[in-house]
Amino acid sequence: MTRANDHRIIGPKLNLYQQSDDIGPGLPLFPWQGEAVLYELQLFLRDLLSKQGYKFVRTPHLSKIDLFKKSGHWTNYREDIFLVKAREDKMIVKPMNCPFHTIIFKQENHSYRDIPQRYAEFATVYRNEASGALTGLSRVRMITQDDAHIFCNLETLDEEISKLIDLVRIVYKTLGFKNTRVELSTRPKKYVGDIKTWTQAESILESALKKKRMKYSVNKSDGAFYGPKIDFHFKDANKKSWQLSTIQLDFNLCSRLKATYTNKDDKEEYPIILHRALLGSFERMFGILIEHYNGAFPVWLAPTQIKIISFNDDMVNYTKKIAKMLESRGLRVEGDFRSETVQRKVRDAEKQKIPYIIVIGQKEKQKVTLAVRPRGSKPKFGVKMVDFVKQINSEIKEKTIP
């Protein structure tokens with residue numbers, strides 16, 4: 001039975017995302033409403049990461065097959081990889097970003113003084129998921145990852161893992177998720193590298209969790225093929241649990257791709273990679289957030305933050321002037337200037353789950369004030385423009401969740 005707040009119902013209803021048979025399954029379209037939410041999420045993460053020393057990179061959507069054969073992904077993910085016929089080379093559509101980031105590191109000639117290096121990318125990858133498994137935004141073939149790879153060594157590893165755990169906490173506290181469950185996922189049956197290195201890697205992650213005094217369970221044999229990982233599970237407003245953030249420890253990829261840095265003894269050494277994702281994929285997280293907020297996004301994420309309504313046709317020009325003033329202050333504003341009743345226009349705006357509805361009538365024009373209806377509340381009359389802008393900007397800056 002489909003829930004009333006299922007993102008597959010709410011999303012298309014609010015035009016947050018679309019699907020089309022002309023394009024194919026698992027390849028969602030995001031009209032401006034959905035793009036506004038995704039853009040704000042990316043701005044939020046970019047600001048956080050920039051303050052923590054991440055460098056944003058950009059990588060191609062295609063690669064020679066050989067790169068992914070060297071990395072080990074071809075052997076382990078062959079059936080999920082899209083192939084492309086090029087003129088000279090057999091190519092693949094990238095299923096993940098880590099080999100590309102490793103090549104960037106390899107070509108920059110780093111020394112121990114540069115370690116750690118943190119590369120981030122909001123990158124779309126493609127995976128040939130079975131059509132029967134595709135559903136809404138939860139399982140798609142187009143996956144935009146908030147991906148990052150930290151190239152470090154044993155001396156810097158503990159601090160980097162600690163920072164990543166703190167970063168996960170910040171992100172999900174901001175988004176309003178409270179229930180967290182942590183798993184340590186260990187060596188799978190199909191893996192690369194040697195047992196000794198795997199045992200060391202698992203011990204490092206377990207030690208990091210203990211230092212943070214975090215409760216965790218061991219998820220045996222569910223690590224990535226290149227290393228163990230810490231997975232963070234969060235419950236949404238429906239009490240449904242999702243595995244979202246992940247921190248993966250990799251001693252293998254740099255050696256496979258011959259990516260080195262110069263250590264203190266002036267010798268070439270392979271760095272350790274921390275693969276990490278905070279949201280996992282923007283598409284799936286968007287679906288989760290639609291359900292978590294029941295489509296009623298907090299004002300900083302809302303596609304339309306303010307719907308401004310003219311009381312009657314005589315107020316249209318003045319209402320448009322007020323709308324432009326609010327837009328000039330960086331707010332996302334839509335106007336409703338139809339020759340409909342105020343009640344009808346307010347009701348339509350409420351169905352769109354817009355955080356603030358402003359009605360402009362003759363009294364508001366005469367007194368140069370606003371009639372403001374916060375979502376789910378009664379209207380407030382006589383509100384001064386400067387006070388309203390100050391309030392809504394404070395909510396946006398603080399990322400307030402009602």
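Buried residues account for 52% of the protein's 402 residues. The model is predicted. Its secondary structure comprises 13 helices and 18 strands. Along the principal axes, the C-alpha atoms fill a box of roughly 75 × 45 × 40 Å.

**The eight-stranded sheet**

- Eight strands form an open sheet with mixed pairing, in the order E1-E5-E6-E13-E10-E9-E7-E8.
- Its edge strands are E1 and E8 (217-219), and each of them pairs on one side only.
- In a regular strand, side chains alternate between the two faces of the sheet.

- Strand E5 spans residues 117-126.
- Nine of its 10 residues are buried, so E5 is largely enclosed by the rest of the structure.
- The cut-off behind that count is a relative accessible area under 20%.
- On one side, E5 pairs with strand E1 (residues 55-56) in the parallel sense, over two bridges.
- Phe56 stands opposite Ala120 of E5.
- E5 also pairs with strand E6 (residues 142-152); these two run antiparallel and are joined by 10 bridges.
- Here Ala123 faces Gln145 in E6 as its opposite residue.

**Strands E10 and E13**

- Strand E10 covers residues 241-250, and strand E13 covers residues 272-281.
- The two run antiparallel, with five bridges between them.
- Gln248 has His275 in E13 as its bridge partner.

**A negative surface patch**

- Which residues gather in a patch of negative charge on the surface? They are Glu155, Asp265, Asp266, Glu268 and Glu269.
- Asp266 lies in the loop between strand E11 (261-262) and strand E12 (268-269).
- Asp266 counts as exposed because its relative accessibility is 64%, and the cut-off for exposed is over 50%.

**The loop at Glu79**

- Glu79 sits in the loop between helix H4 (73-77) and strand E3 (82-85).
- Is Glu79 buried or exposed? Its relative accessibility is 66%, so Glu79 counts as exposed.
- Glu79 and Ala130 are separated by 51 residues in sequence. In space, their C-alpha atoms are 9.8 Å apart.

How values were computed: Residues are numbered from 1 along each chain as its sequence is written. This is a predicted model: local features need pLDDT of at least 70, side-chain atom pairs count only at pLDDT 80 or more; totals for chains, interfaces and linings use all residues. Side-chain values use heavy atoms; hydrogens and water are left out. Patches are made of residues with over 30% relative accessible area and no salt bridge: like charges are joined within 9 Å, nonpolar side chains (Val, Leu, Ile, Met, Phe, Trp, Tyr) within 5 Å. Accessible areas come from the Shrake-Rupley method with a 1.4 Å probe; for residues, only the protein chains shown count as cover. A salt bridge is a side-chain nitrogen of Lys or Arg within 4 Å of a carboxyl oxygen of Asp or Glu. Lys and Arg count as positive and Asp and Glu as negative; His and the chain ends are not counted. The place of a charge is taken as NZ of Lys, CZ of Arg, CG of Asp or CD of Glu. Helices (H or I, at least four residues) and strands (E, at least two) are DSSP runs, numbered from the N terminus. Buried means under 20% relative accessible area, exposed over 50%, partly exposed in between (1.4 Å probe, protein chains only). Two strands pair if DSSP finds at least two bridges between them.
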